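This briefing sets out selected local features of the structure shown below. It is arranged by topic for use beside the sequence and the coordinates.

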2 protein chains.
Amino acid sequence: MKNKTDRLRAIKEMVIQQSIGNQDELLLLLKEKGYHLTQATLSRDLKQLKITKIPNDVGEYRYALPHSLYASGKPSETKIIGNNSLEFSGQLAVLKTRSGYAGGIAAEIDERASSAILGTIAGDDTILIIPREGFNREEITSILSDVIEKI
Amino acid sequence: MKNKTDRLRAIKEMVIQQSIGNQDELLLLLKEKGYHLTQATLSRDLKQLKITKIPNDVGEYRYALPHSLYASGKPSETKIIGNNSLEFSGQLAVLKTRSGYAGGIAAEIDERASSAILGTIAGDDTILIIPREGFNREEITSILSDVIEKI
DNA sequence: AAGAATTTAGAATATTTATTCAGATAATAT
DNA sequence: ATATTATCTGAATAAATATTCTAAATTCTT
C-alpha cells in the first residue's frame, strides 16, 4: 500500500467505481485511502494510465478509462478450450462449441461459474456469455477453462 | 460552411483525421478551413461532441473521439437488407428476419462472414450478431449485406 | 560497495481548458 | 410584429492540468 504500482491500481479502481470530476477530488479520495501525493504526481499517474476527463451526457466532465482499456488491452485472441474456442468482444465472450453442444455446456457454465458469469444464451453451436462486472478477460477465461475441462 | 452544425462536423472530422495536441492547434486548422471561432467556443464544441485529449503511447496527448462514437456517429439507423432489418446497439447488431428464417440466415452468416463475425445466436425471427473487435459498423453492415444478398 | 543512471515525486509555474458574464442572434409565442 | 425565451459566441478570467526544475530514492553496473 505504499508503492507506485499499488497507487496506480487504486487510482484505476477509483476512477471505475466513483464519479470523479477533477484531480483534486480524486486526490482527496486517495488521501482517505492513505495515499499521499500531489496533483503533479496524480497528473502523471493519470497520463500513464491513459485516464482522462470525458464529457458525460449531463454536461459535466468525469474521469474515465478509455473504453478499450476496460476489457483488456490486446485485440482479443481466440483461446482454444478442449473442442471449443473462446473469444471476447467488448464486455462479452462467445464460446463456439461442436454442433449441438452449446446448450449442455451453457448449462454447466450457468451452474458452476455463476460467481463470474451473469448469464449465458446458447444456440446450437454458439454460447453468448455475459460476464459479471469486475471480472477481466483473463479471469473469465481461466474460470471457463476450469468448468469445461471438468465436464 | 457557416453554421454551428457544419462546424461541429468539421471539428469531428479533423479530430479523426489529424493529430491534434491542443485546442489552439485545432483552432488554427479550423481557421485555415474558414471557420472563425475562439478557444471558448471550441471548448464548448468539444464538450458537446464528447471529444477529449487522451494520452497516447508515446507520452503525448491527442484529441480523440470517445471510442463508442467511432463506430458510426448517428444513433444507429435501421438498415434494410432484403427482407431483413439490421440495427446496432453498442458493440452488437441485431438482424430481424421473417418468422422462421433466423436460424437459416444465422447459419449462412456463421459460415460466410466469420472473419468479421464472432458468432450469432438465432431465435425464430431475430439474430443476435456479435462482431469481432476491430470491425466498425459500416464494415459489418457491408459484409452482412453481401452474405444475405447471395443467399 | 561506490558510482552512474534511472525512476519517482514535490513545489512552483506554465500551459491549457472551462466557465462567467454580457451581448448578440435566432426561434417561439402572444 | 413584438415580446419572450432560448441558443450562440467572444473577451476576460477562473479553474484545472501538465511540465519544468530540483532533489531524493531506487536500481544497475562494475
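Predicted model: local features only at pLDDT ≥ 70, side-chain atom pairs only at ≥ 80, totals over all residues.

Of the 18 residues around DNA strand D, those that come nearest are A:Gln39, A:Ser43, A:Tyr63, B:Arg7 and B:Thr41.

**Surface near DNA strand D**
- Helix H3 (39-49) of chain A, helix H1 (4-17) of chain B and helix H3 (39-49) of chain B each supply at least two residues of this surface.
- H3(A) gives the most, with 5 residues.
- By residue class, the surface near DNA strand D divides into 5 nonpolar, 7 polar and 6 charged residues.

**Polar contacts with DNA strand D**
- The side chain of A:Arg44 has an N or O atom 3.2 Å from a base oxygen of DNA strand D.
- In chain B, a polar side-chain atom of B:Arg44 lies 2.8 Å from a base nitrogen of DNA strand D.

- B:Thr120 belongs to strand E6 (residues 117-122) of chain B.
- B:Thr120 counts as buried because its relative accessibility is 4%, and the cut-off for buried is under 20%.
- Its side chain makes a polar contact of 2.9 Å with the side chain of B:Asp110.
- Apart from neighbours within four places in sequence, B:Thr120 is in contact with residues including B:Ala106, B:Ile109 and B:Leu128, and also with A:Thr126 of the other chain.

**Buried face of helix H5 in chain A**
- In helix H5 (residues 102-112) of chain A, the residues A:Ala102, A:Ile105, A:Ala106 and A:Ile109 are buried.
- Viewed down the axis of H5(A), the buried residues fall within an arc of 100°, so they line one face of the helix.
- An α-helix has 3.6 residues a turn, so residues three or four places apart point the same way.
- The cover over the buried residues of H5(A) includes strands E4 (84-89), E5 (92-96), E6 (117-122) and E7 (126-131), and helix H6 (137-149), of chain A.

**Lysine 50 in chains A and B**
- Most residues other than glycine have a negative phi.
- A:Lys50, although not a glycine, has a positive phi of about 60°, and A:Lys50 is found in the loop between H3 and strand E1 (52-55) of chain A.
- A:Lys50 counts as partly exposed, at 22% relative accessibility.
- B:Lys50 has a positive phi of about 60° and lies in the loop between H3 and strand E1 (52-55) of chain B.
- B:Lys50 is partly exposed, with a relative accessible area of 21%.

Definitions and conventions
Residues numbered from 1 in each chain as written. Chains lettered and ligands numbered in written order. Heavy atoms only, no water. Near = heavy atom within 4 Å. Polar contact = N/O pair within 3.5 Å; in protein donor to acceptor, adjacent residues only side chain to side chain. Helix = DSSP H or I, 4+ residues; strand = E, 2+ residues; numbered from the N terminus. Nonpolar A, V, L, I, M, F, W, Y, C, P; charged D, E, K, R; others polar. Buried < 20%, exposed > 50% of the residue type's maximum accessible area, 1.4 Å probe, protein only. Contact = heavy atoms within 4.5 Å. Arc of directions from axis to C-beta.
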